[in-house]
Amino acid sequence: MASTNPKEIVAELPTYIRVFSDGTVERPRETPFVPPSIDDPLTGVSSKDIVISQSPPVSARIYLPKLAPTTDQYHPQKLPILVYFHGGGFFFESAFSELYHRYFNIFVSETNVIAVSVEYRLAPEHPLPACYHDCWDALKWVASHSNQSNATNEDPWLISHGNFQRVFIGGDSAGGNIVHNIAMRAGTEPLPCDVKILGAIYSHPYFCSSEPIGSEDVTGHKQRLFCLVWDFVYPSAPGGIDNPMVNPFAPGAPSLDGLGCSKIIVCVASEDKIRDRGVWYLEGVKKSGWQGKLELFEEEGEDHVYHIFHPDSEKAMKMIKCLRLFLHE
């Protein structure tokens with residue numbers, strides 16, 4: 001007898017994600033998960049996973065570079081801290097994926113920072129704004145280590161080696177959008193122990209609006225993938241794709257002069273379909289009257305998040321070296 005309740009696709013972004021009538025979700029492009037490692041054989045970087053919150057479930061993979069030998073146990077080496085939000089359109093990829101694990105082993109080795117790569121809840125099982133709350137909670141957890149008596153589920157790497165005068169946030173694609181929203185929240189809401197965000201890294205950031213900008217096609221604009229993604233991950237967003245969380249210049253959006261950090265770098269790639277959005281955002285920050293230091297890094301001849309897919313390539317290394325200066329200057 002034929003099933004009266006066949007498994008049918010009820011929503012999809014073709015080749016990226018399929019949602020079925022029985023509630024199951026397939027993510028064809030997601031890379032496999034890999035475990036953390038101590039003393040990665042290629043880079044010497046160590047990593048481990050830690051639970052930040054059980055309810056909601058928020059966790060992270062923490063990376064520590066190979067440290068120079070020291071005989072002074074009372075003054076361990078202190079490193080900048082980068083709290084990072086992975087890309088994937090808010091609906092796929094992971095801090096635990098092979099793709100990001102490989103990237104961070106190389107990135108942390110080259111930049112000499114502690115990286116906290118956040119595992120936030122994904123849409124559509126957890127529509128936006130869930131991920132923004134998760135990432136803010138992760139940043140608060142990191143900041144709480146500035147005063148050891150404040151930390152819950154404390155991490156010894158952060159306590160021993162974290163420099164809480166040099167806390168950064170960063171992310172690529174959808175993660176770059178999260179960076180914006182976290183920086184805006186930091187402008188109005190204090191972090192534990194009065195920790196401040198020193199800098200923010202926007203790598204190929206994802207923004208959108210109902211009106212095309214720059215070189216974007218006018219015809220069929222709202223049917224382009226980056227518009228469809230927002231409706232998929234945040235179907236109840238007030239204002240749709242002109243919600244201030246994805247269109248920072250929407251009517252009624254808070255001024256960008258309230259960004260809660262001291263310096264920003266926006267990284268774009270010439271062949272990226274959302275390249276103009278990154279420049280659009282940077283120019284808007286300039287015009288807002290924000291008082292921090294603003295920088296643009298552009299790579300010619302490369303596409304969206306090339307540095308994540310090919311972290312050991314010549315052009316990715318060029319970008320990483322630029323970010324090392326940003327993190328340490």
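Mentor: Begin with Asp194, which is exposed, with a relative accessible area of 51%. Buried means under 20% relative accessible area, exposed over 50%, and partly exposed in between, with a 1.4 Å probe and protein chains only. Keep in mind that this is a predicted model, in which local features need pLDDT of at least 70 and side-chain atom pairs pLDDT 80 or more, while totals for chains, interfaces and linings use all residues. Residues are numbered from 1 along each chain as its sequence is written, and side-chain values use heavy atoms, without hydrogens and water.

Trainee: Which residue forms a salt bridge with Asp194?

Mentor: Side chains of opposite charge can pair when their charged atoms come close. The criterion is a side-chain nitrogen of Lys or Arg within 4 Å of a carboxyl oxygen of Asp or Glu. Here the partner of Asp194 is Lys196, with the closest N and O atoms 3.0 Å apart. Lys196 is exposed too, at 54% relative accessible area.

Trainee: How many salt bridges does the structure hold?

Mentor: There are 15 salt bridges. One of them joins the side chains of Glu189 and Arg185 at 3.0 Å, N to O. Glu189 is partly exposed at 28%, and Arg185 is partly exposed at 27%. Another is formed by Lys293 and Glu329, again with 3.0 Å between the closest N and O atoms. This pair links distant parts of the chain, 36 residues apart: Lys293 is in strand β11 and Glu329 in the segment after α8 (314-328). Salt bridges that share partners join Lys263, Lys293 and Glu329 into one network. Helices (H or I, at least four residues) and strands (E, at least two) are DSSP runs, numbered from the N terminus.

Trainee: What should I look at in a helix such as α6?

Mentor: Length and burial. Helix α6 (residues 275-288) has 14 residues and spans 20 Å from first C-alpha to last, close to the 20 Å expected at 1.5 Å a residue. The expected span is 1.5 Å times one less than the number of residues. Because 10 of its 14 residues are buried, α6 is largely enclosed by the rest of the structure. Among those buried are Trp280, Tyr281 and Leu282.

Trainee: Which elements do the buried residues of α6 pack against?

Mentor: They pack against α4 (174-186), β9 (197-203), α5 (225-233), β10 (261-269) and β11 (293-299); contact means heavy atoms within 4.5 Å.

Trainee: And the nonpolar core?

Mentor: A nonpolar core is a set of buried Ala, Val, Leu, Ile, Met, Phe, Trp, Tyr and Cys residues joined through side-chain atoms within 4.5 Å. The largest one has 75 residues, and those touching the most other members include Phe85, Phe90, Trp230 and Val233. Helix α2 (residues 130-144) gives the most to this core, with 9 residues. Beyond its neighbours within four places in sequence, Val233 is in contact with Phe90, Ala123 and Leu128, among others. A second, separate core of 30 residues includes Val45, Tyr100, Val113 and Met317.

Trainee: What about backbone exceptions?

Mentor: Most residues other than glycine have a negative phi, and most peptide bonds are trans. The bond from Ser55 to Pro56 is cis, with omega near 0°. Leu128 and Pro129 are also joined by a cis peptide bond, with omega about 15°. Asn112 has a positive phi near 60° and sits in the loop between α1 (98-111) and β7. Cys193, in the loop between α4 and β9, also has a phi near 60°.
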